Structures are given as structure tokens and as C-alpha cells.
Amino acid sequence: MTYEIRVPPAAARSAPPATGSAAPPRPPQSPPPAGAPRRGKLVAVSDLHVRYEENREIVERLRPESDDDWLLIAGDLGEYVADIRWALTLLSERFATVVWAPGNHELWTPNGDPVQLRGVARYEHLVAICRELGVLTPEDPYPVWEGAGGPAVIAPLFLLYDYTFRLPGVYSKEAALAASEEAGVVCTDEFFLHPDPYPTREAWCRARVAATEARLAAVPEELPTVLVNHFPLVREPTRPLWHPEFALWCGTTATADWPRRFRAATVVYGHLHIPRLLMCDGVPHQEVSLGYPREWRRRSGTPGRPVQILPATDTLGTTGSPA
């Protein structure tokens, strides 16, 4: 029997009310009858960046290995709403269930995008598109993966960052931003990711963290979780960055204990463009990004191939080169 963890979505707890109505999400596909083999896998990708033609071609070739596969997308499909819709439409038609967590690029408001919504309104617009397509989001009840390696609660998260991943000896956001600017490392979010109606990005982050923490705390204790977030939940994955100042835009210290506290079988993330499997405090953290063409061309293997999350494998990913 397929079931879901019905916890009130984050938007109902802390974010401003949704604008407009949206179709209800498609429920996850029912499992096979008792005694039938469960061939499906839970796989994940992120940072597909389909504005690049080479990446778009990779997404066009991306297909599941079986009709029962679920796909987790840990953000950064693209910046333009039309591109995001294109990718979600294609992938939702191919995989049994698609689960999406937003990245920072989806939340940008580029000057050339006909959709000029900002902040919460832009996020809600993307959630409405997902519901139209049957794609699950952080605003929906958490589905339960009941295939091989399950059961496990799949929790797509939208948390942002709060400038707490700072360099040693730097104790304020202002000092950290000044140091980053002096080093010539300033994330494009500072120009295109607007927090409206919140006063700052870190205020939006605090609201999302509080609402999400309450939802995860309500998940039954007998069930493990798969936590899917665009940004890493712990600081350790940012250590190999060529420019350590960039960690400011990579997460929040508020989630450091979440993987153990909420019984994560795996944490899935992207953003860093350093695909690898990292063990932190006994919990696997899997970075699943494709990245930009200049990055994935340097790697071995098939670019854009989804990473198997469940059933778990013992293969460690290769540490890639930071952008």
C-alpha cells in the first residue's frame, strides 16, 4: 500500500499565502502487487542548467532504466521559467515520479525572462507549474519510497542560506561579504535572487528552516528519510572549494544536526558542482550535479547520468574539481 507523510506543507506554516490556485499533485505510482518484483530505483540529478545547449541535449537523452524509477531533482534546472517548464515536462513524462527541490538559479529573476516575478511569488509560480505536471515539491506531503531500499520518506527541502558558512575568524555577515568582495568572489544571487516579501535572504532562510524543521520532526520515528536539498546541509562539502569565500552562499549552520536527527539514509544535494559521495558523521551525503559543460567535460563517465540513491550502493563518487 502506498502512503504519504501528511504533514502540513511549509508554505502553510510560515511563508506568505500562495497566490492563485494550482492543480493537486499527482500521487506517487502504486507499488507492484504483493509478490511481484520491485525493479525501480530511486535516482537523483541536479544542476542540469539547460540554458547550455550541450546540457539540454543531455537532458533530452536522459531516461529511466525501468518504468518504476523515481527521479529526485536537487535544483538548478535553469534560470528562465520556460526552460524549467521544458525540463520538468520532459522528465515527468519519463519517470514514474519526479520530486523537485529548487536551487538558487530557479529563484533568479533574470532581466530577459518574460516572467518577472520575484522571491516568494516566483517560487510559488514554479510550484504551480510542478503541480500542473504532477511533480512533487517541498510544498506537498512527503511521499514514501517503497521500492528497493525502502521504505523511506522522501523529503524535498527548500532552505536557502544565511551567510553562516564563513571563513575562520569572520564573525558577521557584513565582514564576510566584505572579505568576499575583496577576493573578487560575489555570488550572482546578490543581484538576481530577491527575497520579497522578506527583507533579506537570511530572513527567508530562517522562515524556511523553522517550517521545515517542524515538518521533519513530525515524520514517524520508525521511518528513515532521504533529505533532498539544493544546498549541502553540513559545512564539510564546501571544504574543497577553490574559492572558500563562496561557501557564504552554500547553506546554513542551522541544519548541521539534521541528517542524524531526522534519520537520513542519504542526503542528496547539488550546487557545488563537485559530484561525489561524502560520509559525514556516518551519513552519506551525495552531490549529484551535472554542472556546466566546461566542468563535466573534464570528468570520466557519462555526463548527466542519474546517481542511484536507493537501493544504496557501496561505490564512492569521484571527487570533482570545483568551479
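Mentor: Let's start with a pair of strands: E2 (residues 42–45) runs parallel to E3 (residues 70–73), and 4 bridges join them. We are looking at a predicted model, where local features need pLDDT of at least 70, side-chain atom pairs count only at pLDDT 80 or more, and totals for chains, interfaces and linings use all residues. Residues are numbered from 1 along each chain as its sequence is written, and side-chain values use heavy atoms, leaving out hydrogens and water.

Trainee: What makes E2 and E3 a pair?

Mentor: Two strands pair if DSSP finds at least two bridges between them, and here there are 4 bridges, so E2 and E3 qualify. A strand itself is a DSSP run of E with at least two residues, while a helix is a run of H or I with at least four; both are numbered from the N terminus. Within this pair, valine 45 stands opposite isoleucine 73.

Trainee: Why are E4 and E11 called edge strands?

Mentor: The open sheet has the order E4-E3-E2-E11, with mixed pairing. Strand E4 (97–100) and strand E11 (307–310) each pair on one side only.

Trainee: What makes strand E8 largely enclosed?

Mentor: Buried means under 20% relative accessible area, exposed means over 50%, and partly exposed lies in between (1.4 Å probe, protein chains only). In E8 (residues 264–269), 5 of the 6 residues are buried, so the rest of the structure largely encloses this strand. E8 also pairs in the parallel sense with E7 (residues 225–228) over 4 bridges, and 3 bridges join E8 to E10 (residues 283–287), again running parallel.

Trainee: Why is threonine 212 called buried?

Mentor: Its relative accessible area is 3%, and the limit is under 20%, so threonine 212 counts as buried. This residue sits in helix H7 (residues 201–217). Beyond its neighbours within four places in sequence, threonine 212 is in contact (heavy atoms within 4.5 Å) with residues including Tyr142, Phe158 and Trp258.
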